[in-house]
Amino acid sequence: NELDSLKNLKDSFVRFMMTYKFALEEVNTKINILKQEFQYADDYNPIEHITSRLKSPESIINKAYRKGFDLTLSSIKENIRDIAGVRITCSFISDIYKISRMLQNQKDIKLIEVKDYVKNPKPNGYRSLHLIIQIPVFMSNRVNDVYVEVQIRTIAMDFWSSLEHKIYYKYSGEIPKELKEELTEAAFSALKLDEKMENIHDQVNKIKKHSQFEQSLPFDG
Ligand code: 0O2
């Protein structure tokens, strides 16, 4: 009867969302391992913080509707690849690519797509590196390959995008022209700050390497 079929639908949806929750936990563990290992081995940890979120059922359905996808679980599974999202904030632009390479080198991670909004920012100034990856989630009676969106960005990029996101929602996507222009200017300032910080970071690294080299010499001079 109708109640049973509703119950079945709810069960399948809960199971569906659970696989994404497990995928998030796996990716979080991977990144936490990198973070701890960096700290231990390098005495320098490029990962400032990690956040993750599951897209709400409402935004999943809105996105599927907006993009014209079928409203079935199999279509949503194949087409909406950011149901599980992990965001890694790091210190410098070079760290973004370092972390991205490390994740891509892991054997159980399959890289599906790279959207490099760091090299090619969006017209509003949005910058971040997005990786769509797929990882296997092992359950009691099956293995599911699950898509996860990993966003990697600097602190400056994160600062800008969280403010822009809030403003975007406040104005329901219709940000007034002047505010839009100011936001794009702010994105440019964030870019300049990132470049300046990277430059300082490079100089410090050079000095560090030089003094390590000198210390490794068998005698002075
Ligand atoms: P939330 O609340 O973070 O989940 P779409 O843009 O979603 O229609 P696509 O190709 O999936 O299509 O998007 P894309 O370009 O990979 O971007 C997806 C996510 O990147 C967004 O998710 C945001 O988190 C972030 N993002 C992309 N563009 C912008 C931007 O201009 N400003 C900010 N602040 N964030 C951006 P959601 O689902 O929109 O939001």
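What radius of gyration does the protein have, and what would a compact globule of 221 residues have? The protein has 21 Å, whereas the globule would have a value near 17 Å, the radius being taken over C-alpha atoms and the globule rule being 2.2 Å times the number of residues to the power 0.38. The structure is a predicted model, in which local features need pLDDT of at least 70, side-chain atom pairs count only at pLDDT 80 or more, and totals for chains, interfaces and linings use all residues. Residues are numbered from 1 along each chain as its sequence is written.

From the N terminus on, the elements run α-β-α-α-β-α-β-β-β-α-α, with helices (H or I, at least four residues) and strands (E, at least two) taken as DSSP runs and numbered from the N terminus.

The largest nonpolar core has 29 residues, and Ala 23, Val 27 and Ile 88 are among those with the most contacts inside it. Such a core is a set of buried Ala, Val, Leu, Ile, Met, Phe, Trp, Tyr and Cys residues joined through C-beta atoms within 7 Å, where buried means that 20 or more other C-beta atoms lie within 10 Å of a residue's own, with C-beta atoms placed from the backbone. The elements giving two or more residues to this core are H1, S2, H4, S4 and S5, and the largest share, 6 residues, comes from H1.

A second, separate core of 5 residues includes Ala 156, Trp 160, Ala 187 and Ala 190. Both Ala 156 and Trp 160 are among the buried residues of helix H5.

Conventions: A residue is buried if 20 or more other C-beta atoms lie within 10 Å of its own, exposed if 12 or fewer, and partly exposed in between; C-beta atoms are placed from the backbone.
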